[in-house]
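Here is a short report on one protein model.

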Amino acid sequence: MSADIRLSDALARVKPSATIAVTTKSAELKRAGHDVIGLGAGEPDFDTPDNIKDAAIEAIRTGKTKYTPADGIPELKEAICAKFARENGLAYKASQVHVAPGGKPVIYNALVATMNPGDEVIVPAPYWVSYPEMVLMAGGEPVIAPCGPNSNYKLTPEALEAVITPRTKWIILNSPSNPTGAAYTKAELRGLADVLLRHPHVWILTDDMYEHLVYDDFEYWTIAQVEPALYDRTLTMNGVSKAYAMTGWRIGYAAGPEKLIKAMGKVISQTTSNPCSISQYAALEALNGPQDFMAERRAVYQQRRDMVVAGLNKCAGLHCPTPEGAFYVYPSCAGMIGKTAPSGNVIKTDEDFATELLETEKVAVVFGAAFGMSPAFRISYATSTEALTEALIRIQRFCAALV
């Protein structure tokens, strides 16, 4: 009889990823022969552009398959500096850049490098499922700042001021947001910056992963660009996953103060070590190569967004705001709570709603409680128009059947 290993107390504080769980459940049902439409994964359905693939193939052919510096090759760091200067008006040196195997490790490396027991991280809700869990794993305490539909799911200066304490180490700002698609205007960031200027002990981590996926002529800004006085305590994070359809290539990056970047480099040198060498050369081409394909893809995403918002708002009991960016919508299902599903089960929570929708109509969505804001659910429209059209028919049918 083998002995049970005692798991860490830190891990006991952490919940599994609900988005990954939904994707896994969808895949299991598909393998069992069910006609499932998965709207849970935050992954572009577009392919990686050919010039990026070609750069990766060339890297393989020319032997660029060895270890690299732990936090990124110099050429990629220079390209990241050029990107920040070109697109965000931010001046960084290569020594201020950190490259990791995905955006998630960038955030985790920053937290592990800076957090001590009792340190707090402000996490506006709805939030990406991994933010509070990474804070917990790093030994800190997530402080949730609710941002409801009345503020279009965005943090207000008053709400920010209310949750800052002497223990606050970081605030995480994600714009456009996963899960809501909400994006902060320059004026909204200005309001938050004014609060943060009054609290110089608070550092800012901006997750700008969906920067290029904004619609309706929305003008994108990041907070260090809006308020240069915050530059020295801001880590500006981005990556190639969403805009360049490179989720599987696993390249995220960030720029910030040299002391912080050096500390993050120490973390990555003793954990994952370098991101895949081939992926780094692909990312180099992504940042330096043609960018014109993005406009065409943005137009497709915007059409899908408009279709999904309109289709969901035809359902009595659902209310879906129109987000500024990303490829998610976050409809409220408050009008469904208390109703009875065709199975006879009463819908008491948004998790019940998502479960019954999957069981009855084979449409997979992620329930809002996973993102810290209920009753709601997230739909990813990063899938084909045909699949979305059929999914909306099924959702409308499901909602009409509730009594």
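The lining of the largest pocket holds 10 nonpolar, 13 polar and six charged residues. Keep in mind that the model is predicted. The space in this pocket comes to about 570 Å³. In total, 29 residues line the largest pocket. Closest to its centre are G42, K104, W128, K242 and R250. Which elements give two or more residues to the lining? They are α2 (18-31), α5 (103-114) and α6 (130-137).

Now turn to the aromatic rings. A pair of aromatic rings is described by the distance of the centres and the angle of the planes. The model has 15 aromatic pairs.

Where do the partners sit? Y210 is in the loop between β6 (203-207) and α9 (223-226). F327 is in the loop between α12 (293-312) and β9 (328-329). The pair therefore ties together parts that are 117 residues apart in sequence. Both Y210 and F327 are buried.

Y244 belongs to the loop between β7 (234-239) and β8 (252-255), while F293 belongs to helix α12. This pair ties together parts that are 49 residues apart in sequence. Are these two residues buried or exposed? Y244 has 3% relative accessibility, so it counts as buried. F293 is buried as well, with a relative accessible area of 16%. The cut-off for buried is under 20%.

Rings can also join into a group. Ring pairs link F46, Y210, Y301, F327 and Y328 into a cluster.

Three strands make an open sheet in the order β9-β12-β11, and their pairing is antiparallel. At the edges stand β9 and β11 (366-367). Each has a single partner strand, so one side of each is left without a neighbour in the sheet. Two bridges join β11 and β12 (residues 377-380) in the antiparallel sense. Which residue stands opposite F377 in β12? That residue is F367.

Methods: Residues are numbered from 1 along each chain as its sequence is written. This is a predicted model: local features need pLDDT of at least 70, side-chain atom pairs count only at pLDDT 80 or more; totals for chains, interfaces and linings use all residues. Side-chain values use heavy atoms; hydrogens and water are left out. Rings of Phe, Tyr and Trp (its six-membered ring) pair if their centres lie within 6.5 Å; planes under 30 degrees apart count as stacked, over 60 as edge-to-face and the rest as tilted. Helices (H or I, at least four residues) and strands (E, at least two) are DSSP runs, numbered from the N terminus. Buried means under 20% relative accessible area, exposed over 50%, partly exposed in between (1.4 Å probe, protein chains only). On a 1 Å grid over the protein atoms alone, a cavity is a set of points where a 1.4 Å probe fits but cannot get out, and a pocket is an open set with protein on both sides within 12 Å along at least five of seven lines; lining residues have an atom within 4 Å of a point. Grid points are joined across faces, edges and corners, and a volume is the space filled by probe spheres set on the points. Ala, Val, Leu, Ile, Met, Phe, Trp, Tyr, Cys and Pro count as nonpolar, Asp, Glu, Lys and Arg as charged, and the others, Gly among them, as polar. Two strands pair if DSSP finds at least two bridges between them.
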